[in-house]
Amino acid sequence: MDLLKFQDSLPLHSQKLLPWNQSSSSPCQWPGVSCYPNKSFQVKALNLSGYGLSGILNNFISYLCLHKYLSLLDLSGNHFTGAIPHLLGNCGQLNTILLNYNALEGSIPADVFKSKKLVQLDLGYNSLSGNIPPEVSFCTNLEYLGLYNNYLSGEVPSEIFSLPKLNSLYLNTNNLTGLLPDFLPSCAISDLWIHENAFSGSFPFTLSNCQNLTVFIASQNNFEGVVAPEIFKGLLQLEVLYLDGNKLEGEIPQTLWGLENLQELVLSGNKLNGTISERISQCPQLVTIALSGNNLVGHIPRLAGTLQYLTNLILFDNKLDGSLPSELGNCSSLVEIRLQNNLIGGKIPPEICNLENLEVLFLSNNFIEGRIPRQIGRLSNLKILALYSNNLSGIIPSEITNFTKLTYLSFAHNDLTGEVPFDLGKNSPDLDRLDLTSNHLHGPIPPNVCNGNNLRVLTLGDNRFNGSFPVEIGKCWSLRRVILSNNLLEGSIPTDLERNSGVSYLEVRGNLLEGKIPAVFGSWSNLSMIDFSGNKFSGSIPPEFGKLANLQSLRLSSNNLTGSIPSGLSHCRKLIKIDLSKNQFSGKIPSEITSLEKLESLLLQENKLSGAIPDSFSPLQGLFELQLSSNMLEGPIPCSLSKINHFSSVLNLSYNKLSGTIPGCLGNLDKLQILDLSSNSFFGEMPTELNNMISLYFVNISFNQLSGKLPTSWMRIVASYPGSFLGNPELCLLGNDARYCRNIREGHTRRLGRHVLAAVIICVVISMALLCSVVYIIAVRVLQHKYHRDQSLLRECQSHTEDLPEDLQFEDIMRATEGMSDEYVIGRGKHGTVYRTESANSRKNWAVKKVSLSGDNFSLEMRTLSVVRHRNIVRMGGYCIKDGYGFIVTEFMPGGTSTRSRIVGTLGYMAPENAYSIRLTEKVDVYSYGVILLEIVCRKFPVDPSFEEGLDIVSWTRKKLEENDECVCFLDREISFWNRDEQQKALKLLELALECTESVADKRPSMRDVVDPVLLPVGCVKYEELTFSFDAFHVPK
């Protein structure tokens, strides 16, 4: 029999899944087989959906098509592979073909559409590609067409919309492009799903011809422009409308509010403006209103309170103002209210607390003031309550302890006072996250917050909590993050604290805790970050800390800790940062610690450490910051330091007893930005190899015994930080003036001889009673002479210092610009004017910026150009100081920018529109600029070898954000060690980079808008405006 041949043609394991056998009297009794009544074994339908069958469909389809009266073939939900067989177009009497949810690939054969009998065709959830064949027009009886979740591309043939009986069309989740075709006056479509494609243009007016349309989903496309009001006049049957994730502009059409049957309205993520009309009440069936992520203004309409079926009100990320309408308390069906990130003010109306079905209340990042109403305890079904970043005041009402279903509670960043209700969490066994950060709360930390052992995140920092350390957290096995920083916790932590294998992040800095650090923390095996800094702990570091195999950051600074640094910390192989600064540690620095391969930041400054710096650094290390200042270290600088490939931030060895010459091997640190060797006993001349430290923007070698000339490349630093080189009498600060350097050395020798002779005479002739007075007078004169010499040197340096490119002289600049004539101006900025010049010999063009020395702008720009190191950011070629002005020389970029000419055609920097448009705007530059920002904050290349195949830095960053939600642990690890203000600025740059790299050019800001935030003063960065938080840094979800 043909069916048995079909079974035999399947792979062996699939044959076993199909329970057919010859012993049965009739195949019409076999599972999945239906026959015509009163006819001898004529198969009518074959339904093998979900049997788990596999194999290449083309290998056995011919056996099924031998049944010439077969009308239905359902092979959905299996694992069939290969292409769709052409034979299906002439297979029996088929009117229904269901091949969805398989692994079919290739293009859709035109032959499939040859049958005029075809009524239903479903090819969804496969891997089909290519265009949709226009032969679909032959299927004049087609009612259902499902091509969803494939890889189809190209434009949709207009023939589809000419099919007279088509009522269900599912084209969603493909790569379809182009405009949406016109719809016939006789359009019969009721369900139209075209979301998650790349359709563009505006919606055609003829969409209103589809008068039977009940569901229209066009989310996540590139539709743009204003939605014509006429479209909705004919769509009176519409129940579901999803247009989110497009580029729609203008106001919400008033005709939309006349759709009496509308139940779901989702317009989020567009550019809609205007207000939300009070006519919303004319859509009485509304269940969901989602208008988030637009530019809507005005008040929330009070008549929304008449919508009895309203379940979801989602209006976040707009510019809505006014107060919360108390009428919302009449929407008894409301389950979810999300109004965060608006400009809403006023108080929380008590009527909101009448919503007994409410599960989610998000009002964060607004300007809501006043008290939290006591009636809030009536919200018996509440799961999420987020009121953070408002202006709420008063106490936290005790009624919040009544929430039995609560999972997330955040009152952070308000002005709340008083004690937290003692029973908070007692009746909320599902509480997962509690955030009360940055208020004025005091009293003890509630002991029952982890009553259900489901609490993962406890953040109570920046308050005034007092009392003792909450020992209950040791028993909370679900906890992962604990932040109790900047409170008034006091006393000692009990040594019998419970062992906890769950907590990963423990931050208790900035309290008044004292006594010894309990050794039990060495048994908290999941700890990746410990921060006990800024307390009064004493004693030594528990050696048990060496057992913490997951530890990445150890911060114990600013305590009274003593003893030696335990070498056992070297067993913590994942350590990235160690900060033991500002304590009383003594003894030698363990070489086992300085050789940790993953260690990036080692801060041991302001202790009593002695001995030599370990010579145990290696090229395999990731160290980029080493702070050893203000100790009693001796001996030379070990040359193994220079082998570290990524040493890029700070090397601070100041205020020690180090001696010897400065080794030339330090010149290998070409990425180092800050070098401080001041207040030691270094002597001898400066090695010429230090010229290779091209990334330095700050150097301090003051108060040593150095001599000779400075490295030429350091002269620009002298101009910005002249005090960083004082206290070295034989050091010549004018690198090219040999006569001046010689005079300094000779003058020093003469003064030294004179002082020695004076001392001898004084000792012989004058009595001990006069000795102190004479020495005092001599000392004052020497210091005065030194002071006048230093001031003269500084003036000399400021009036004549220059470090220009070899082929460019200052005279060239003046000649080529005719004395800085306006004719050669190529740009003007807030702090200076940029001129185009050229060298007399090579005829090479340069850009020269003239900046006044009257303020700090010249030093600031010099430091900035020294700090920022990127292959696509123009670099400083030299500088010159003349007559009260600083002249900064950079490469001349003919295009006027430092990105387009180099980057516009470079892989990883190209904006998406480069692939299909020949009309490129400044938004291309903005995109490239965003890529550069991502490179800086992520420390990755645009197309990094570490990325998955097909990803560039933009898609990689967005993927990481989706995977980690609020966690930004994929950024440059160095950022995690910055202070909080600096971290917030880094996050601001990340947000700016994401805006610049929007795939749609119109969504990117202008170059002016891009530059302004980067130039904002530090005080303008507001924590409340940031989307991400470094509370999630380096911590597993």
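User: In this predicted model, which residues is S292 in contact with, leaving aside its neighbours within four places in sequence?

Analyst: S292 is found in the loop that runs between β22 (288-290) and β23 (297-298). Once its neighbours within four places in sequence are left aside, the residues in contact with S292 are S268, G269, I314, L315, F316, D317 and N318.

User: Is S292 buried or exposed?

Analyst: The relative accessible area of S292 is 6%. Buried means under 20% relative accessible area. S292 is therefore buried.

User: With which side chain does the side chain of S292 make a polar contact?

Analyst: S268 is among the residues in contact with S292. Between the two side chains there is a polar contact at 2.9 Å.

User: Which element gives the largest share of the largest nonpolar core?

Analyst: The largest nonpolar core has 220 residues, and those with the most contacts inside it are F216 and W714. Two or more residues come from each of α1 (2-9), β1 (33-35), β2 (43-47), α3 (61-65), α5 (715-720) and β62 (876-882). The largest share, 4 residues, comes from α5.

User: What is W714 in contact with, leaving aside its neighbours within four places in sequence?

Analyst: W714 is one of the residues with the most contacts inside the largest nonpolar core. Leaving aside neighbours within four places in sequence, W714 is in contact with L675, M686, L690, M693, L696, V699, I701 and F725.

User: How many residues does the second, separate core have?

Analyst: This second core is separate and includes C938, L951, V954 and I975. Its size is 29 residues.

User: Which residue is the bridge partner of G515 in β42?

Analyst: Strand β40 covers residues 512-516 and strand β42 residues 536-539; the two pair in the parallel sense over 3 bridges. The bridge partner of G515 in β42 is F537.

User: How many residues apart are F6 and F60, and where do they lie?

Analyst: The structure holds 19 aromatic pairs. One of them joins F6 and F60 edge-to-face, at 5.2 Å centre to centre and 75° between the planes. F6 lies in helix α1 and F60 in the loop between β3 (54-56) and α3, so this pair links distant parts of the chain. Their positions are 54 residues apart.

User: Are F6 and F60 buried or exposed?

Analyst: The relative accessibility of F6 is 0%, and the relative accessible area of F60 is 1%. Buried means under 20%. F6 counts as buried, and F60 is likewise buried.

User: Is the aromatic pair of F199 and F223 stacked or edge-to-face?

Analyst: F199 lies in strand β15 (residues 198-201) and F223 in strand β17 (residues 222-226), so the pair ties together parts 24 residues apart in sequence. Both residues are buried. The centres are 6.1 Å apart with 15° between the planes. Planes under 30 degrees apart count as stacked, and the pair of F199 and F223 is stacked.

User: Which ring does the charged end of R481 sit over?

Analyst: The charged end of R481 is 4.0 Å from the centre of the ring in question. K850 also lies over a ring face, that of Y885, at 4.4 Å from the ring centre. For R481, the ring is that of Y505.

Note on methods
Residues are numbered from 1 along each chain as its sequence is written. This is a predicted model: local features need pLDDT of at least 70, side-chain atom pairs count only at pLDDT 80 or more; totals for chains, interfaces and linings use all residues. Side-chain values use heavy atoms; hydrogens and water are left out. A nonpolar core is a set of buried Ala, Val, Leu, Ile, Met, Phe, Trp, Tyr and Cys residues joined through side-chain atoms within 4.5 Å. Buried means under 20% relative accessible area, exposed over 50%, partly exposed in between (1.4 Å probe, protein chains only). Contact means heavy atoms within 4.5 Å. Two strands pair if DSSP finds at least two bridges between them. Rings of Phe, Tyr and Trp (its six-membered ring) pair if their centres lie within 6.5 Å; planes under 30 degrees apart count as stacked, over 60 as edge-to-face and the rest as tilted. A charge sits over a ring if NZ of Lys or CZ of Arg is within 6 Å of the ring centre and within 35 degrees of the ring normal. A polar contact is a pair of N or O atoms within 3.5 Å; within protein, one must be able to donate a hydrogen and the other to accept it, and residues adjacent in sequence count only if both atoms are side-chain atoms.
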